[in-house]
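Work through the following exercises with the sequence and the coordinates open, and try each task before reading its solution.

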Number of protein chains: 2
Amino acid sequence: MSGGPGEFDLIARYLAPLASAVPGAFGLQDDAAIIHTPAGCDLVITTDAMIESVHFLKADGGQSVARKLLRVNLSDLAAKGAVPLGYQLVLGMPAPLDEGWLADFAAGLAQDQAAFSFPLYGGDTVRSPGGITLAVTAFGSVPEGSMLRRSAAQAGDDLYVTGSIGDAALGLEAKLNHRLFPSASRMMFDSRLHLPSPRLAFGQGLRGIAHAVLDVSDGLVQDAGHIAETAGVQVVIEAGAVPLSLAARGALAEDPALRSVVLTGGDDYELLFTAPPAAADAVAVLARSQTLAVTRIGRVQAGQGVVVLDSDGRPLALEKAGFQHFGGSVE
Amino acid sequence: MSGGPGEFDLIARYLAPLASAVPGAFGLQDDAAIIHTPAGCDLVITTDAMIESVHFLKADGGQSVARKLLRVNLSDLAAKGAVPLGYQLVLGMPAPLDEGWLADFAAGLAQDQAAFSFPLYGGDTVRSPGGITLAVTAFGSVPEGSMLRRSAAQAGDDLYVTGSIGDAALGLEAKLNHRLFPSASRMMFDSRLHLPSPRLAFGQGLRGIAHAVLDVSDGLVQDAGHIAETAGVQVVIEAGAVPLSLAARGALAEDPALRSVVLTGGDDYELLFTAPPAAADAVAVLARSQTLAVTRIGRVQAGQGVVVLDSDGRPLALEKAGFQHFGGSVE
């Protein structure tokens, strides 16, 4: 972890305690770290960046932003079936430094590092005049050759998703477009938007069961598109089967047009996966063992792209296929 | 490597060929990569970020910025005695995308990936409204337990530096403060500022010879301070012994006040290291074998901090101890 003289030394002082548990981090006193891959395992690496006013607002608070930063990266590891090992952090902040925000950010990292056994190994701290810039490179391990892939779907597979879909997108709808929801619903949507639950244990359980796996970050339909594209198959989603929370069902009952938000919004961080019909029992057993809802929402067949069917089996046209960031654009 | 729909797909199209050589990168089609640590080795990880208008100017050109980005990270690996394995990239660009700059950037990456056998494994591409945002997490390997450390200096050690010091700082002086130099000198200073030479082979050769090692990025005096601080020793630098290029000597002959720029400027990316007097022959043999100039510039003794002595053995007071970035502030 290199910083420099002056006020940016502050950052190092806030971050150093986060690296105290792992010898390979050298207390952030060196410019490099050593990470050990457990015997018989592959080292899985994934990187996710978050940019102020694109992926988060400073007003979300340092603690909330830190926890989401770790959790979106942990969700990537979950989709690989990996066990988290630790992470490198890039933290860019404008001058003058907002020490209160930084303290909250470090507290959020500490909280979720402890929750997920996910220590800081090192990184870089820089001045970033354009706004807060965050990037994490996350490390995890899987038994050799067993990393789950997003490209392994096969025609004939069933399509499943964990948890419920659309809550985070409804939270974003409330936040950006001032959509009104009952306060209990709004709180739940907010929580799902800012504090995703990486499905780590479930992802690990999918090794040897699932074909293609990814975590839903861009939106259900678009991420299904990634599965279709990388495998050269067609993914069929039955819209009526997509699992919704009670709050989301309430919102759609009020305004059926929100269905498109739910299906194409992002930030769910649930696992979307395909598995052969013969694995249906194994999927059900895994879900029960973790008391996590898992729902079959469609299938994989020859063809290309994604088809979303309504309850009468007719293809649905959806308004947008992307994820609306705070910046308002789609990327 | 995850991007999103729309114009940011362009980035992925430019970057995908850079990951074609390593199977663990999965052609950037997955959200994760697998990196293999060679048998009997430790995996060394280091991260360096570069922010537009702080660490570089967009006008420097995409190719030049890309090569510097890889080389500053490779220099960190050199200081660890590591053999480069590959890297993860965060690339943030403002919208609308400047495709010409992006194409140049990808070309620069390709050029130095080939020069240093340093393939892209994955990363993340994002929109960055505040300016171009770059971060690399670099991976290298060292034989188990042999990673060089910045904290291992011992009283009695000699202090050495590779190459010459101050050329890049004089290049920055010309660029920021419009200082005039002879055109041949100016070109050399520019080249040293924008295209550092990571001392990889030399760093690997220092394993088992050197005690403390780091690469000079913040400035000779300040980086000597890091050696002193992490080991709880005092580092003595003999200013007259610091190796200067012919061009730098010419510049100092014209204006002796530039000595402070040379000693405290940054971006040299030479290796600064300590070794016991008994290792002097081994250091000399290593330097000759690589036809790289290596100069003894001081010593390590009990105490703390850094003392810079003039040719009469009197302590020098230096104007600044930091590295002036383009943003004008010190960090």
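## Exercise 1: relating the two chains

In this predicted model, chain B can be laid on chain A by a turn of 180 degrees and a shift of 0.0 Å along the axis, with an RMSD of 0.0 Å.

Task: state what kind of axis relates the two copies, and find which C-alpha in chain B is nearest the axis.

Solution: Begin with the turn of 180 degrees and the shift of 0.0 Å along the axis; the two copies are thus related as by a two-fold rotation axis. Next, look along chain B for the C-alpha nearest the axis, which belongs to Gly130(B) and lies 1.9 Å from it. Finally, turn to the interface: 100% of the interface residues of chain B are also interface residues in chain A, so the copies meet through the same surface.

## Exercise 2: an annotated site

Task: locate Thr47(A), decide whether it is buried or exposed, and list its contacts beyond four places in sequence.

Solution: The unreviewed UniProt entry lists Thr47(A), Asp48(A) and Asp124(A) under "binding site". Thr47(A) is found in strand β2 of chain A, which covers residues 41-51, and Asp48(A) has its place in strand β2 as well. Because buried means under 20% relative accessible area, Thr47(A) at 3% is buried, and Asp48(A) at 13% is buried too.

Leaving aside neighbours within four places in sequence, Thr47(A) is in contact with Asn73(A), Val136(A) and Thr137(A), and also with Gln88(B), Val90(B), Gly123(B) and Asp124(B). With Thr137(A), the side chain of Thr47(A) makes a polar contact of 2.9 Å.

Notes
Residues are numbered from 1 along each chain as its sequence is written. Chains are lettered from A and ligands numbered from 1 in the order in which they are written. This is a predicted model: local features need pLDDT of at least 70, side-chain atom pairs count only at pLDDT 80 or more; totals for chains, interfaces and linings use all residues. Side-chain values use heavy atoms; hydrogens and water are left out. UniProt positions are given in the numbering used here, feature names are shortened, and annotations may be inferred rather than shown by experiment. Helices (H or I, at least four residues) and strands (E, at least two) are DSSP runs, numbered from the N terminus. Buried means under 20% relative accessible area, exposed over 50%, partly exposed in between (1.4 Å probe, protein chains only). Contact means heavy atoms within 4.5 Å. A polar contact is a pair of N or O atoms within 3.5 Å; within protein, one must be able to donate a hydrogen and the other to accept it, and residues adjacent in sequence count only if both atoms are side-chain atoms. Copies are superposed by least squares on the C-alpha atoms of residues with pLDDT of at least 70 in both.
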